[in-house]
Amino acid sequence: MCEILGACYDKECYLNNYLKLFYKHSGNHPHGWGLALTDGNEVSIEKEPLRAEKSHYLKERLSQPIYAKTALAHIRYATIGNVDYKNCHPYSKKDNSSRRWTLIHNGTIFDYQPLNKFLKLQKGETDSERILLYIIEQINNLQSETGKPLNGQERFFLLDSIISDMAKGNKLNLLIYDGEYIYAHTNYKDSLHYLESENGIIFSTLPLSNENWQKLTFTTLLAYKGGKLAFKGTNHNNEYIDNEESLRFLYQIFSDL
């Protein structure tokens, strides 16, 4: 299982301390690291297919101050897709209105037929990349139907519907940024936490300090803007619970890497 981190603040904040603590977990997630720093609708992505703690580049990067209003970070434990640059998170792509979407995922899609068409279209091999491609497709389809770019509420309602359906039988811990909102979702118990401060909120798979970290609202999509909750979706109740069949699936996939 991978780990994810996301920051959403109302002003640029110093991120090095939390990033250093987060990347220290890479001993159990040795197959890649990634970092996305945003600037409005644009994003700068840095990633490598190796253990974060062994990356000379990342060590140098974290030795310099990193400030951002919104950021996403990922450390990978490969389940679907080889250990390769193209399979490292974050993933990012613009929709037809030029809005950029950036995604990190902690989990596994065991069965969701709408993603299968992207097996031949994606650049890498991961189910996570297919999730982003599917979301972009659905955004584009709805924008074509309405004849205009979707506003924030319309984007949220669409994602709420997509994720509620996709969560059935699948492990779906996600952080997604669309240039305006950061969307957070978990359906695997005790696997996504948050810490609020006067400047906003930070999300992490595991608490990163002795501060007042809380468990994120379960099986419900949330959207934040400027560090504040903007939208809350429906509780779809599609909790993912490990079972023998899914564990066999993961074992077979991992043995082929």
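1. The residues lining the largest pocket divide into seven nonpolar, three polar and five charged. Here Ala, Val, Leu, Ile, Met, Phe, Trp, Tyr, Cys and Pro count as nonpolar, Asp, Glu, Lys and Arg as charged, and the others, Gly among them, as polar. Please keep in mind that this is a predicted model, in which local features need pLDDT of at least 70 and side-chain atom pairs count only at pLDDT 80 or more, while totals for chains, interfaces and linings use all residues. Residues are numbered from 1 along each chain as its sequence is written, and side-chain values use heavy atoms, with hydrogens and water left out.

2. On to the pocket itself. Its 15 lining residues include Y91, S92, K93, K123 and E129, which lie nearest the centre. The elements giving two or more residues to this lining are β3 (42-48), β5 (91-94) and α3 (127-146). The space in the largest pocket is about 320 Å³. For your own checks, a pocket is an open set of points on a 1 Å grid over the protein atoms alone, where a 1.4 Å probe fits, with protein on both sides within 12 Å along at least five of seven lines; lining residues have an atom within 4 Å of a point. Grid points are joined across faces, edges and corners, and the volume is the space filled by probe spheres set on the points.

3. Next, the sheet. Six strands form an open sheet in the order β5-β6-β7-β8-β12-β13, with antiparallel pairing. Its edge strands, β5 and β13, each pair on one side only. Strands are DSSP runs (E, at least two residues; helices are H or I, at least four), numbered from the N terminus, and two strands pair if DSSP finds at least two bridges between them.

4. Strand β12 (residues 220-225) is largely enclosed by the rest of the structure, because five of its six residues are buried. Buried means under 20% relative accessible area (1.4 Å probe, protein chains only). Three bridges join β12 to β8 (residues 182-185), with I182 opposite Y224. Five bridges join β12 to β13 (residues 228-235); A223 partners F231 and L222 stands opposite K232. β12 and β13 form a hairpin with two residues between them, and G226 in the turn has a positive phi of about 60°.

5. Finally, N87 sits in the loop between β4 (67-75) and β5. N87 counts as buried, at 0% relative accessibility. A polar atom of the N87 side chain lies 2.7 Å from the backbone nitrogen of E125. The C-alpha atoms of N87 and T126 are separated by 6.1 Å, although these residues are 39 apart along the chain.

Key:
Buried < 20%, exposed > 50% of the residue type's maximum accessible area, 1.4 Å probe, protein only. Polar contact = N/O pair within 3.5 Å; in protein donor to acceptor, adjacent residues only side chain to side chain.
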